[in-house]
Amino acid sequence: MEEAEKTFENEQYRKTYWHTCSHILAQALKRLYPDVKLAIGPSIDEGFYYDVDLSGSFTQENLKEVEKEMRKICKENNQLERFALSREEAKELMADQPYKLELIEGIPEGDEISFYRQGDFTDLCAGPHLETTKQVNGSGLKLTSCTGAYWRGDEHNKMLTRIYGVAFPTKDELDAFIAAKEEAKRRDHNKIGRELEYFTTVDYIGQGLPIILPKGARVIQTLQRWVEDLEQRRGYLLTKTPFMAKRELYKISGHWDHYLNGMFVLGDPDDEKSECFALRPMTCPFQYQVYLNRERSYRDLPMRFNETSTLFRNEDSGEMHGLIRVRQFTISEGHLVIRPDQLEQEFKGCLDLAKHILDTVGLLDRCTFRFSQWDPANPNNKYEGTPEQWEAAQSSMAKILDDLGVDYTVGIDEAAFYGPKLDIQFRNVYGKEDTIVTIQIDMLLAERFGMVYTGDDGEKKTPYIIHRTSLGCYERTLAYLLETYAGALPTWLAPEQVRVLSIKDSVVDYAQGVVDKLGAMGIRVESDFSSNTLGYKIRNGQKEKVPYMVIIGEKDMENNTISIRYRNGEDLGAMSFEEFASLVKGVVDSKEKK
Ligand SMILES: [Zn+2]
Ligand SMILES: [Zn+2]
């Protein structure tokens, strides 16, 4: 590696650094627990680990002691020296290390068997490593956790102890990393979404099938009504189509050939004699039937169809994550059937709408754009259509994106099987990226379904189709909103916008009147007239991130006022009911991000 590349920004250097740390960890363990049996110790995306077999118990407490020993080793300036041995010599050297012996057995004949020595410690390893242990800064190093892990990931094997660590060139960088981790945990929707009762999961219902609780359902309903209204104003035609269809439909659409593994099939897919259904993974082939319901002419186009559509995808259970990766979800689905000359304008319309929606909910700033293309080197069985069709679709999409000034990255082999996509990407609190909105150009499926229009010359022509979402998957968006706002959703989206608190029982009737009036205005209002102290009630409201708390005491009742407190602790003082009502209504109607 060149000297200039030896920075932490360089992934290879970072991995080398972390892998060296795992050797230092093993050396420290060997000194403190001479009987330890070592398994494997790789670098990972964020740091490193070592799987070890310790005879006694090993807990978080022991990590501190090991960490201390590691810092000592860093200061020792042990050179890492590489040497190779024959298989027999290697086995002899590792005679007391059963896992290493197994690894040596597994090295293919003819491959070199290499070791690294650092001071009093030698490990079987292919490298590469830093030159000396001193290049690792002990004060930037931390062992983060330990868990159980089966040898070779196989549950039939022995459970080993996996010790995780991370390291940075300076202590400041380590501290920043730890702070960022804690902040991510604080915002993680999978944690706060459950704590704040937006959703839950139930083992016997299944993974990736979340139960959306009343609060979550209210937010999704608010988003959905808003999105459907926006679409209606933009000339979309609402459809409502079945959740499942016979396999014959998916054979025409190509999903049977290209997406069978991703679908939930009802019936035996191999038994051609009896009916076989599948839950829909997309709405496209259903919505096309609306177009096909009668003959269309060039004057009818563009036709924009939308549907709040529930879809089913049989994702790997290992992929499931809270509300972000699920098996059943609801999206703002839509398909535009257009003439080729309308492509640019309609694509722009889709992008405008998606950007407006993402901007309003406060997610656009952190979105990135990816132009997902096919892989010309691997066209077979994954993609439909000819290279010429793909070239044409991709070059017109590139032109549109360039004309619109969209700043995008290119993703090769990320396209849908029928065409290229613009994916709007978002990262969760842990940095994992997923698609939030997608807009796709399709020059193939209309032909498969026999969709045509009569041109101005009287000839039958094949339209283009744009597949698009305007908010993507509601469950996923809810997750991103919870993480972005750390649970304190903007007032217009908050499931409970106002909570009315009584200071004394004597004011309850007056307070109930306030609740009723706010409710009648369409404000989502709840009350807490319990006998708990006011401080306790306020803390509860703040913990549950309710935007406004209306506090009512005897003085308020005498003066015919109410006292308002915002969830961040800000005291807005006493005001008339009308003043407060217009304040809340203003914040809700303008969709302010507070
Ligand atoms: Zn190594
Ligand atoms: Zn579609």
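Okay, let's start with how the chain folds back on itself: of the contacts in this protein with a separation of 6 or more, 69% are between residues 24 or more positions apart. Keep in mind that what you see above is a predicted model.

Now the overall picture. The protein has 594 residues, and 37% of them are buried. Along the principal axes, the C-alpha atoms fill a box of roughly 80 × 80 × 50 Å. If you go through the secondary structure, you get 18 helices and 28 strands. The protein is split into three pieces: domain 1 covers 3-180, domain 2 takes 199-243 + 280-484, and domain 3 is 498-589. Between the C-alpha centres of domain 2 and domain 3 there are 42 Å.

In which order do its three strands sit? They go β4-β5-β6, in an open sheet with antiparallel pairing. The edges are β4, residues 80-85, and β6, residues 121-124, since each of those pairs on one side only. On average, neighbouring strands here are turned by 25 degrees against each other, ignoring direction. As a bit of background, strands of a sheet pair through backbone hydrogen bonds, either parallel or antiparallel.

Go through the pairs one at a time. β4 and β5 run antiparallel and are joined by six bridges. You can find Leu85 opposite Ile113 of β5. On the next pair, β5, residues 113-118, and β6 are antiparallel too, with four bridges. There, Phe115 stands opposite Leu124 in β6, and Tyr116 has Asp123 of β6 as its bridge partner. These two strands make a hairpin with two residues between them, and Gly119 in that turn has a positive phi of about 60 degrees.

Next up, a helix I'd like you to look at: α12, residues 387-403. It has 17 residues, and from first C-alpha to last it reaches 24 Å, close to the 24 Å expected at 1.5 Å a residue. Which residues of α12 are buried? Those are Trp390, Ala393, Gln394, Met397 and Ile400. They sit on the same side of α12, because they cover an arc of only 125 degrees around the axis. Here's the general idea: an α-helix has 3.6 residues a turn, so residues three or four places apart point the same way. Just after α12, Gly405 takes a positive phi of about 70 degrees.

Let's zoom in on one residue, Ile562, which sits in strand β27, residues 562-566. Is Ile562 buried or exposed? It counts as buried because it has 23 C-beta neighbours inside 10 Å, and the cut-off for buried is 20 or more. Leaving out residues up to four places away in sequence, Ile562 touches Val514, Val550, Ile552, Asp556, Ala574, Met575, Phe577 and Phe580. Take Ile552 from that list: it is ten residues from Ile562 along the chain, and their C-alpha atoms are separated by 5.8 Å.

Most residues other than glycine have a negative phi, and most peptide bonds are trans. So where are the exceptions?

Two cis bonds first. One joins Gly127 and Pro128, with omega about -5 degrees, and Pro128 is in the loop between β6 and β7 (141-150). The other runs from Leu301 to Pro302, with omega near 5 degrees; Pro302 is in the loop between α10 (284-291) and β15 (303-312).

Then the positive phi values. Asn77, not a glycine, has phi near 60 degrees, and you'll find Asn77 in the loop between α2 (60-76) and β4. With 13 C-beta neighbours inside 10 Å, Asn77 counts as partly exposed. Ala486 isn't a glycine either, yet its phi is positive, about 45 degrees. Look for Ala486 in the loop between α14 (474-484) and β24 (498-502). Ala486 is partly exposed too, with 15 other C-beta atoms within 10 Å.

That's my tour, thanks!

Key. Residues are numbered from 1 along each chain as its sequence is written. Chains are lettered from A and ligands numbered from 1 in the order in which they are written. This is a predicted model: local features need pLDDT of at least 70, side-chain atom pairs count only at pLDDT 80 or more; totals for chains, interfaces and linings use all residues. A residue is buried if 20 or more other C-beta atoms lie within 10 Å of its own, exposed if 12 or fewer, and partly exposed in between; C-beta atoms are placed from the backbone. Two residues are in contact if their C-beta atoms, placed from the backbone, lie within 7 Å. Domain bounds come from an automatic or database domain assignment. Two strands pair if DSSP finds at least two bridges between them. Axes are lines fitted to C-alpha atoms, for helices over the stretch in contact, and angles run from 0 to 180 degrees between N-to-C directions. The expected span of a helix is 1.5 Å times one less than its number of residues. The arc is that of the directions from the helix axis to the C-beta atoms.
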